[in-house]
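Let's take a walk through this fold together. Have the sequence and the model open side by side as you read.

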Amino acid sequence: MYKEPIFLQPEFKERIWGGTGLKEIFQYDIPSDQTGEAWCISGHTNGSNTIQNGPLKGHTLAEAWKEHRELFAQEEGEEFPLLVKILDAAKDLSVQVHPDDTYAREIEGKNYGKTECWYVIDAEEGSEIIFGHHASNKKELQDLVENEEWERLLRRIPVQPGDFFYVPSGTIHAIGAGIQILETQQSSDITYRVYDYDRVGNDGEKRELHLDKSLEVITVPHRDPHIDRSDAVQADLRQETLIEEEYFSVFHWQLEGESGELKPNPYLLVSALQGNGEVRIDQETYSFSNGDHFIIPATVDTFELKGNASFIVSRSNKS
C-alpha cells in the first residue's frame with residue numbers, strides 16, 4: 001500500500017505545567033501558552049495522530065493499525081505498541097510512577113503498563129529531574145511518603161541537552177522546569193501521582209494523588225538501569241544506539257549529507273529534532289524539517305536520507 005513515509009499530525013495536550021516551548025522550538029501551532037505535550041506518533045485512544053499523506057490521508061494511526069497491519073509487518077497486539085511525544089516543562093511535573101504490564105492489566109484493565117525513556121532536547125542551566133529515591137525498603141518508602149519528607153526521599157539529577165534516561169515501570173520520576181524532552185514509551189496513559197507540590201488545578205482543587213497504587217508499584221530499592229550508548233557510522237549518518245530493551249529500541253541519528261541505503265527492519269518511527277532534508281524511496285523524494293514525525297512502514301524495502309538533521313528513531317521489539 002505505502003511506498004512512502006507516513007507523515008503524522010501531532011496532537012497537543014494542555015497541562016498546568018506546560019508553556020510555549022513547542023511553538024518556539026518547532027513552530028507548532030499550539031492551542032495555548034500552557035501546552036505541555038505534543039503526541040507525535042500515537043495510536044492511543046486518548047490521542048491518535050491523523051495521517052497527512054498517501055492512501056490513508058485523513059485516517060488515524062489507530063485505524064491504520066487495525067485495518068492495515070501489513071504496514072507494521074503483521075505485528076500482533078490490539079493497540080499500536082509505542083507512543084512518541086515531546087514534553088515542554090515550563091514548570092515542574094508531578095512526582096509520579098507508572099505500573100508494569102501485569103499491574104496495568106489486572107488493576108486498570110489496560111493492555112500496557114508504561115516503561116519509557118527520555119532524550120533531552122533542551123534544558124535551562126541548573127535544571128534537573130527527579131529519578132529514583134533513597135528508601136532502602138518498603139517500610140522506609142511508606143514512612144517517607146506518608147510524612148511528606150520529599151527532600152530525604154527523592155533523588156535529583158542535573159541535566160543538559162543530549163542526556164538520555166531509561167525509565168522502567170516502577171521508577172519514581174519527574175521532569176523539572178525548563179526542560180524539553182522527547183519521550184518514547186509504551187502506548188499507555190496510566191500515571192500515579194506521588195506528590196504534586198500542593199498545586200491546584202483549573203477547578204481550584206488540589207490535583208488527585210494516587211498514593212496507595214504508587215506504593216504498590218514503586219521499585220524498592222531504586223536501581224539505576226544500565227545504559228550502554230554505542231555508535232555506528234554509515235556514509236554521512238552517525239547512528240547512536242541509546243537503548244535496546246524488551247519493548248523498544250531507540251536511536252539518535254545525526255545526518256550530515258547522504259545516508260546511503262537503509263532498511264526499516266521492520267518499520268521505524270522517526271522524529272526530526274533539528275535541520276531538514278529529504279527521504280528517498282524508489283526514486284521519489286519526500287521533504288522533512290524539524291518537528292516532523294513519520295513512520296517508514298514495513299512495505300518499504302529500502303530508503304535513503306539526505307540533508308543536515310538530527311533524529312530520534314525507534315522501533316517496536318514486539319514484532
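**Core, sheet and a helix**

Start in the middle: the largest nonpolar core has 37 residues, and the ones that touch the most other members are Ile 41, Phe 72, Phe 80, Ile 86, Phe 248, Leu 269 and Ile 295. Keep in mind that this is a predicted model.

Pick Ile 86 from that group and you land in the sheet, where Ile 86 sits opposite Leu 182 of β12. Strand β5 (residues 82–89) and strand β12 (residues 179–186) run antiparallel, with eight bridges joining them. Zoom out and you'll see six strands making up an open sheet, ordered β2-β3-β5-β12-β7-β10, with antiparallel pairing. At the edges are β2 (11–19) and β10 (164–167), each of which pairs on one side only. From one strand to the next, the twist averages 25°.

Now go back to Phe 248. Setting aside neighbours within four places in sequence, its contacts include Leu 82, Tyr 166, Thr 184, Gln 185 and Gln 186, and also Arg 315 and Asn 317.

Next stop is helix α3, residues 101–108, in which Asp 101, Tyr 103 and Ala 104 are buried. These residues lie on the same side of α3, because they cover an arc of only 165° around the axis.

Finally, check the ends of the helix. Asp 100 caps the N-terminal end of α3, with a side-chain oxygen 3.3 Å from the backbone nitrogen of Thr 102. Just after α3 comes Gly 109, with a positive phi of about 70°.

Note on methods
Residues numbered from 1 in each chain as written. Predicted model: local features only at pLDDT ≥ 70, side-chain atom pairs only at ≥ 80, totals over all residues. Heavy atoms only, no water. Pairing = 2+ DSSP bridges. Helix = DSSP H or I, 4+ residues; strand = E, 2+ residues; numbered from the N terminus. Axes fitted to C-alpha atoms, helices over the stretch in contact; angles between N-to-C directions. Core = buried A, V, L, I, M, F, W, Y, C linked by side-chain atoms within 4.5 Å. Buried < 20%, exposed > 50% of the residue type's maximum accessible area, 1.4 Å probe, protein only. Contact = heavy atoms within 4.5 Å. Arc of directions from axis to C-beta. Polar contact = N/O pair within 3.5 Å; in protein donor to acceptor, adjacent residues only side chain to side chain.
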